[in-house]
Amino acid sequence: MAFDSLSDRLNHAMRNVVGKGKLTDKNMEDMLKEVRLALLEADVNYRIVKDFLEEVREKARGADVINSVEPGEMLVKIVHDQLVDLLGNEEAEIHFKEDGITSIMMVGLQGTGKTTSVAKIASLLTKKKDRKCLLIAADVIRPAAIEQLQTLGNEIGCEVFTLGTETPALETVRQGMDHAKRNGYDTVLIDTAGRLHIDEELMHELQEINAAVHPDEILLTVDAMTGQDIVNVASAFRDALPLTGLVVTKFDGDSRGGGVLSVKKITGVPVKFVGEGEKIEDMDVFHPDRMADRILGMGDIVSLVEKAQEKMDMEQAQKAAEKMMSGRFDLDDMLHQFEQIERMGPLQGIIKMIPGMSQYANMVNDGQTSAAMKHSKAMIQSMTKWEREHPEKIRSTMKKRIAKGSGTTVNDVNKLLSQFSKMKRAMGQVGNLQRSGNLNEEKLEDMMNQMTAKTGMSAAQLEELSRKMK
């Protein structure tokens with residue numbers, strides 16, 4: 001994901017001052033040197049880095065930090081606040097009209113995921129804001145752009161208005177807006193044509209549409225993988241159009257993220273949405289404060305809870321938790337747990353959202369975890385209902401049939417049954433302690449240490465994990 005490398009470097013720099021009894025010019029400057037290198041390596045604009053460090057240095061030498069009980073912690077807060085300021089102090093939401101149609105014009109270069117972003121944002125607005133969205137297919141240049149938008153529109157349940165490739169984009173937009181008024185739509189998203197590079201023809205067409213419709217929002221899609229070029233593209237579009245926000249796509253890719261950190265400060269255009277995957281639901285509102293938390297390894301518990309509420313069947317999860325604690329947990333419940341976890345997305349991303357746990361994310365190999373989970377699901381799905389409810393009674397002939405049906409081995413089936421047995425026993429112990437009122441922090445920590453010891457973590461890692469759990 002964007003900022004992963006930056007996050008690692010900044011966390012290393014922060015650890016050099018956190019816990020120090022006194023903040024000196026030397027240890028502060030050592031830390032700032034690390035921060036400077038981290039930001040430059042992340043491809044953040046040099047002038048932005050210089051201003052960022054000066055502001056941190058000035059605030060760090062203030063009386064509040066000097067007299068603080070934990071000056072190192074105060075310095076981390078200053079860096080955090082400056083990151084928020086860099087990313088945009090406030091969450092930049094779509095401003096909907098109280099009456100009439102809110103129009104959103106999407107612009108951008110080819111290959112930035114503009115058409116897909118139109119559908120993703122429409123889906124998000126439909127589900128979270130209860131908006132009735134119409135998509136206007138005004139990209140009459142790129143082959144199959146209209147068909148792509150129609151396919152996506154069917155997937156999210158939104159109508160796509162089109163007059164085909166023979167009708168000019170401006171006329172399509174005009175008639176599309178009239179169609180929206182006649183049919184009671186409150187939100188219109190206009191997918192415009194892109195080019196491989198910025199040219200006069202592209203800008204002229206966009207300016208014509210802007211003059212005719214006066215959209216409430218003009219959102220520019222930019223690719224997080226392009227680094228500093230985000231700033232150049234945003235500046236060029238801003239000079240030609242009254243941009244109101246950016247949509248950063250491919251945010252889950254292996255990008256350095258410097259362009260995202262630089263663009264708001266240089267262009268004044270805030271990031272409004274980020275796309276973190278290929279699925280329709282992999283688009284979310286950009287929260288500067290939450291992103292700053294994640295960059296500094298502080299987690300993002302609010303986004304984690306929101307993700308869980310969106311992706312998981314909370315009622316089913318509650319019932320499963322009650323069954324686990326009561327010792328009535330079976331393999332059907334385990335299968336449901338696997339499915340719930342898969343809906344949440346890659347495990348590394350989830351771990352990074354948990355405060356204090358980001359440093360352990362690299363211990364997880366998402367590819368191996370996903371493959372292991374698929375094998376486990378296949379084995380459970382190859383069992384009969386009786387076998388899922390009574391795994392302890394599964395005999396060798398049954399195991400052979402299950403292994404054959406799931407494309408695994410008898411040894412794999414034995415490992416799954418052993419894993420299930422240990423999980424059920426551990427959760428039963430927690431449930432018994434909870435019911436008896438004897439579940440205190442010390443016992444919970446001891447149980448967690450026993451469980452994590454089986455993962456192969458080192459003594460130092462276990463000690464750190466235990467400390468974070470307190």
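## Basis and overall make-up

A residue is called buried when its relative accessible area is under 20%, exposed when over 50%, and partly exposed in between, with a 1.4 Å probe and protein chains only. By that criterion, 48% of the 470 residues in the chain are buried. The model is predicted, so local features need pLDDT of at least 70 and side-chain atom pairs count only at pLDDT 80 or more, whereas totals for chains, interfaces and linings use all residues. Residues are numbered from 1 along each chain as its sequence is written, and side-chain values use heavy atoms, with hydrogens and water left out.

The chain holds 22 helices and eight strands, taken as DSSP runs (helices H or I, at least four residues; strands E, at least two) numbered from the N terminus.

## Nonpolar cores

A nonpolar core is a set of buried Ala, Val, Leu, Ile, Met, Phe, Trp, Tyr and Cys residues joined through side-chain atoms within 4.5 Å. The largest has 73 residues, and V35, F52, V107, I136, L220 and F237 are those with the most contacts inside it. Helix 5 (residues 71–87) gives the most to this core, with eight residues. Apart from it lies another core, of 25 residues, including L124, L152, I156 and C158.

## Helix 19

In helix 19 (residues 396–406), the buried residues are K399, I402, A403 and S406. Seen down the helix axis, these buried residues of helix 19 fall within an arc of 100° (taken from the directions from the axis to the C-beta atoms), so they line one face of the helix. On the other side, T397, K400, K404 and G405 are exposed. G407, which follows helix 19, has a positive phi, near 70°.
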